[in-house]
Amino acid sequence: MDDALCFSAQSFSTCVGTCEQAVLPVSVWMGMAASAVGGNHLHTTWKHIVIVVTTVLLFSAPSVCAQCRILRCNSDFVAATLEIGVIGGGGKEGTNTGYCSALRTYALCTQRTARACRGDLAYHSAVQGIEDLLIQHRCPKTGPTAQPRPLPQAPLSGDGCFYEKGFMQREGRPPEYLHCGVFGDPHIRTFNDEFQTCAVQGAWPLIDNKYLYIQATNTPTRGSSYTTVLTRITVILKNWRECAELQVYQAELDNVPPAFVDGSVTSGDRRGHQSLRVHSHDPGRHAEIWATHIGTTIVVRQVGRSLSLSVRSPSAIVKSYPPEQDLQLCVLGCPVSQRLEMPFAHPSMPAYTHCSSLLPVQDVYFQACLFDLQVTGDLNSSASAVAALEDARAMISDPNRVHLLTDRAGNNPPSLPVVLALSVLVETLRHAFLGPV
């Protein structure tokens, strides 16, 4: 093979992945991958790849670097299956297991770029092709995924596993910390200080970056088809060099454990210090996770019949995600179609009086208290807003930023004077153009 073409099992993804818009028929990608698994026609397969990919890149050069990253998913899949053909082709059972893992990784990649690839025929073809191959090879849809081989890295020195100390040494100042809170119906205060009330159901990613993944599962409230509550929170702290091994924490309604899923309460021992630690002052209803290697604190608690989550994380950690992973409720909020308006509450209403006694400042937490109390009719539901405000006070260093006022919340209905003014304007225009009726 000509070295100038730079196509190898290791460099194939890098060489092709730089062009995001080149469209290669999915049948070609999957055909190459399937033939590679057998391992018997590897030399022919490489020639096929060189010819096809070179041709595609030549003819698609004018349209490169668009948002949709389906080509990267395709090339990563081919690279993974080619490696299986060389290394894992000795045993049929082992090869099929690796192939299934590669398919699941391929499916995950397409899910992450779904938003940017709407209307892209190559993307939809890939999704359908993955479904067919999973069935054809009898692959479970859930299971381990193919792990990319990490690049060799120099060992960390000094305070490399202490995020804040390392940042101070590099920058001469403390890092900028951001806060996200999810509580109640659920209400979301994003890292950008936007406030929304959402009707999302099922499992949704709250945070999905290079170091951390947090998923929330929402279930409809009893007697309501559009309001939901948090019933499960899953936290995955990803492996990062010698500072921390992968750890998973999961909390469910009536079960907020004071430990990771493997029963441990610490992880990532370095120089007598643990990078990960779980602490609880009320086991079963409260847990606090400290991840010092990424400077992040996560608080999970149960308040009434709902879970809540509060996160404090450095800005650089929050923003460490690729463009295709932008579906994060703590970053951009919930989809517009899933947002709910805050109901109006007159000062004479019992809900208004009750929430005012607990939350004197009429900020977003006061509005959330009103919403939950009017929807559920349960006075205890107001406790989630109070607890969320307490977490915000503990996690936001600037007291002036704690109380997010309603005019910054972004989903409040227009005020009565605005509504009246618009009504007068509409009537004036109607008379001007249509005359009196």
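What percentage of the 437 residues in the protein chain is buried? Buried residues make up 45% of them, where buried means under 20% relative accessible area, exposed over 50% and partly exposed in between (1.4 Å probe, protein chains only). This is a predicted model, in which local features need pLDDT of at least 70 and side-chain atom pairs count only at pLDDT 80 or more, while totals for chains, interfaces and linings use all residues. Residues are numbered from 1 along each chain as its sequence is written, and side-chain values use heavy atoms, with hydrogens and water left out.

**Figure 1. The whole chain, before we zoom in.** The protein chain has 13 helices and 13 strands; these are DSSP runs numbered from the N terminus, with helices (H or I) of at least four residues and strands (E) of at least two. Take the contacts (heavy atoms within 4.5 Å) between residues at least 6 apart in sequence: 61% of them join residues at least 24 apart. The chain exposes about 22,200 Å², and 58% of that comes from carbon and sulfur atoms; the areas come from the Shrake-Rupley method with a 1.4 Å probe, and for residues only the protein chains shown count as cover.

**Figure 2. Phe183 and Phe195, a tilted pair.** Searching the whole structure turns up seven aromatic pairs. To pair, rings of Phe, Tyr and Trp (its six-membered ring) need centres within 6.5 Å; planes under 30 degrees apart count as stacked, over 60 as edge-to-face and the rest as tilted. Here, Phe183 and Phe195 sit 6.5 Å centre to centre, with 40° between the planes. The pair links distant parts of the chain, with Phe183 in strand 1 (residues 177–183) and Phe195 in strand 3 (residues 195–198), 12 residues apart. Phe183 is buried at a relative accessible area of 1%, and Phe195 is buried with 1% too.

**Figure 3. Tyr211 and Trp240, edge-to-face.** These two rings are 6.0 Å apart centre to centre, and their planes make an angle of 65°. Tyr211 comes from the loop between strand 4 (202–208) and strand 5 (212–220), Trp240 from the loop between strand 6 (228–237) and strand 7 (247–252), 29 residues apart. Tyr211 is buried at 14% relative accessible area, and Trp240 also counts as buried, at 18%.

**Figure 4. An aromatic cluster.** Phe77, Tyr99 and Tyr106 make up one aromatic cluster.

**Figure 5. Charges over rings.** For a charge to sit over a ring, NZ of Lys or CZ of Arg must be within 6 Å of the ring centre and within 35 degrees of the ring normal. The charged end of Arg312 is over the ring of Tyr177, 3.6 Å from its centre. Lys165 lies over the face of Phe162, at 5.0 Å from the ring centre.
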